[in-house]
Amino acid sequence: MTAPTRIVSIDHRSWENAPRVDEAASPVAELEEGKVLFFPHLRFELSAAETALLDPALVDPKRKNISLNATTGKLTGVAVEDERRDAIGALVRRYYETTRRFLDRLLPHYAAHLHTPTTSLRLHRIGTWKMSWRKDDTRLHVDAFPSRPVGEQRILRVFNNINPHGDTRLWRVGEAFDTLSARYLPQMPPYRPGMAWLLHKLHITKSRSAYDHFMLQLHDRMKADADYQRNGQQESIEFPPGSTWICFSDQTPHAAMTGQFMLEQTYLLPVSAMTHPELSPQRVLERQVAAAH
Ligand code: SIN
Ligand code: FE
């Protein structure tokens, strides 16, 4: 039996207003269940001058992507110092502002709570930037980053394929979070709070909660598990140029298989700001750990 799709397609074309209710029954409910909201015709228009910036040579060779911290204005990962740097900064900021206005309309319940925006411009073709298996996003994973512990925050991401040559971005999307975490939970080493304290004291990492510890383990174990990668429940989905998709990437297993040129906007959201906090990975894991003891 094939599982029902976890992609919710919404035919909506404008950033400047929210889909009507009959177009998207409840985007909040679908997102919080870990589904992907897919807007096949929500294009982020680039000018000819902006399209000329779609060149992997503009990325600092030491970095995977160009990124903007919209709060501080800090732009990182640009390899050039000329006027193209300012043009890239303006493009990335425009994407940040556009997604922010759109989310405020699409998910008004979240509006006052979204914070810590990070915008990323991904210019490399998937598979051409060499990396370790741990950073290999062609393997199914949920997002968890060693340098960015999140604690009680969710990771909400807005992706857009800006490829000017017609290349789709091909993803695999996996199962619901609770079945995923239930499978890996028995393999997890016990969490030792003293370890997090020690790492923090040594300034090796920012303070990492039991949740962050678990999510890093889950991320790594999924990526290292060849059987799960091949046989785990999953579906493929092609995101064409001119399309947008949104998900909680800490919850929705995903893998990016092919494609080039994408904008991606990250926001953090407190679990307490969700409509159904009990669906968060934080609360799911707490329940599963409690049930195991
Ligand atoms: C990821 O977030 O894992 C990669 C997304 C992408 O490059 O499409
Ligand atoms: Fe990811």
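A polar side-chain atom of R122 lies 3.4 Å from an oxygen atom of ligand 1 in this predicted model. That pair is one of the polar contacts of the ligand, a polar contact being a pair of N or O atoms within 3.5 Å. The table lists side-chain contacts with oxygen atoms of ligand 1.

| Residue | Distance to an oxygen atom of ligand 1 |
|---|---|
| R122 | 3.4 Å |
| H141 | 2.9 Å |
| H254 | 3.1 Å |

Taken alone, ligand 1 exposes 260 Å², and the protein buries 96% of that area (Shrake-Rupley method, 1.4 Å probe). Around ligand 1 stand R122, D137, H141, R157, R169, W171, H254, A256 and M262 (a residue is near a molecule if one of its heavy atoms lies within 4 Å of it). By class, this shell holds 4 charged, 3 nonpolar and 2 polar residues. Strands β7 (169-174) and β10 (254-258) each contribute at least two residues of the shell (strands are DSSP runs of E, at least two residues, numbered from the N terminus).

H141 counts as buried because its relative accessibility is 2%, and D143 is buried at 4% (buried means under 20% relative accessible area, 1.4 Å probe, protein chains only).

Residues are numbered from 1 along each chain as its sequence is written, and chains are lettered from A and ligands numbered from 1 in the order in which they are written. Local features need pLDDT of at least 70, side-chain atom pairs count only at pLDDT 80 or more, totals for chains, interfaces and linings use all residues, and side-chain values use heavy atoms, with hydrogens and water left out.

Terms used
Polar contact = N/O pair within 3.5 Å; in protein donor to acceptor, adjacent residues only side chain to side chain. Helix = DSSP H or I, 4+ residues; strand = E, 2+ residues; numbered from the N terminus. Nonpolar A, V, L, I, M, F, W, Y, C, P; charged D, E, K, R; others polar. Buried < 20%, exposed > 50% of the residue type's maximum accessible area, 1.4 Å probe, protein only.
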